[in-house]
Amino acid sequence: MAVKAAPVSAPKKKQKFTRLDQARPPRPASKPAVPIQVTLRPPPVSNPDLLRRLQNGSIPCAAALDLHHMTEAEAHKAVTDFVAHQAQRNQYALLIVTGRGAVLRATLPRWLSDGGLAQWVQFFHQAAPRHGGAGAFYVVLRNRRRGGKT
């Protein structure tokens, strides 16, 4: 009677365990964070204390929009609809909260100054700390009743 031989397999590779006292190779240095620079239009010259009155609360914001947890596409549609709706209702001052994240905070000024929204927006500026600070913007709309001038 013939005895079958077990198939020969390749030798197993030894697992390499790292001891806690062994030094690991250093991780590559990450790039330093670049501060976000947002270019804003200056407050209107015709009414220089308007921004101060918004910041101290003597001019209340008629409506607010919170963009937290929205994608860029969802936020763009929400901002466009919000500003258009408030302009049709002849509202004056709005508050848009973007959060301190880089994407929406950097793109909101571009949305407000370009395209279809520029026809309704007189100016916008970063909000006071009590209204959200670096994560929010005041948006002042043109007065449509007086031919677009404020």
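This is a predicted model: local features need pLDDT of at least 70, side-chain atom pairs count only at pLDDT 80 or more; totals for chains, interfaces and linings use all residues.
Numbering starts from 1 along each chain as its sequence is written, and side-chain values rest on heavy atoms, with hydrogens and water left out.

The secondary structure of the protein chain comprises three helices and four strands. Of the 150 residues in the protein chain, 32% are buried; the term denotes under 20% relative accessible area, with exposed over 50% and partly exposed in between, for a 1.4 Å probe and protein chains only. Contacts are heavy atoms within 4.5 Å. Among contacts between residues at least 6 apart in sequence, 64% join residues at least 24 apart.

The four strands form an open sheet of order 1-2-4-3 with mixed pairing. Strand 1 (63–66) and strand 3 (121–126) are the edge strands, each pairing on one side only. Pairing requires at least two DSSP bridges between two strands. On average, neighbouring strands of this sheet are turned by 20° against each other, direction ignored. Angles run from 0 to 180 degrees between N-to-C directions, and axes are lines fitted to C-alpha atoms, for helices over the stretch in contact. In general, the strands of a sheet pair through backbone hydrogen bonds, either parallel or antiparallel.

Strand 1 runs parallel to strand 2 (residues 93–97), and four bridges join the two. Bridge partners across this pair include Ala63 with Leu94, Leu65 with Ile96 and Asp66 with Val97.

Helix 2 (residues 72–88) lies across strand 1, strand 2, strand 3 and strand 4 (136–141), and runs at about 165° to strand 2. Helix 3 (residues 102–113) contains Arg105 and lies across strand 2, strand 3 and strand 4, at about 165° to strand 3. The buried residues of helix 3 are Leu104, Arg105, Thr107, Leu108, Pro109, Trp111 and Leu112. Their cover includes helix 2, strand 2, strand 3 and strand 4. Leu112 of helix 3 has 0% relative accessibility and therefore counts as buried. The C-alpha atom of Leu112 is separated by 8.7 Å from that of Thr80, although the two residues are 32 apart along the chain. After helix 3 comes Gly115, which has a positive phi near 70°.

The structure holds one salt bridge, defined as a side-chain nitrogen of Lys or Arg within 4 Å of a carboxyl oxygen of Asp or Glu. The salt bridge joins Lys77 to Asp81, with the closest N and O atoms 2.9 Å apart. Both residues belong to helix 2 and are four residues apart, about one turn of the helix. Lys77 has 53% relative accessibility and so counts as exposed, while Asp81, at 41%, counts as partly exposed.

Arg105 is buried but has no salt bridge, and the nearest side chain of opposite charge, that of Asp66, is 13 Å away. For this assignment Lys and Arg count as positive and Asp and Glu as negative, while His and the chain ends are not counted. A polar atom of the Arg105 side chain lies 3.0 Å from the backbone oxygen of Ala134.

Terms used:
A polar contact is a pair of N or O atoms within 3.5 Å; within protein, one must be able to donate a hydrogen and the other to accept it, and residues adjacent in sequence count only if both atoms are side-chain atoms.
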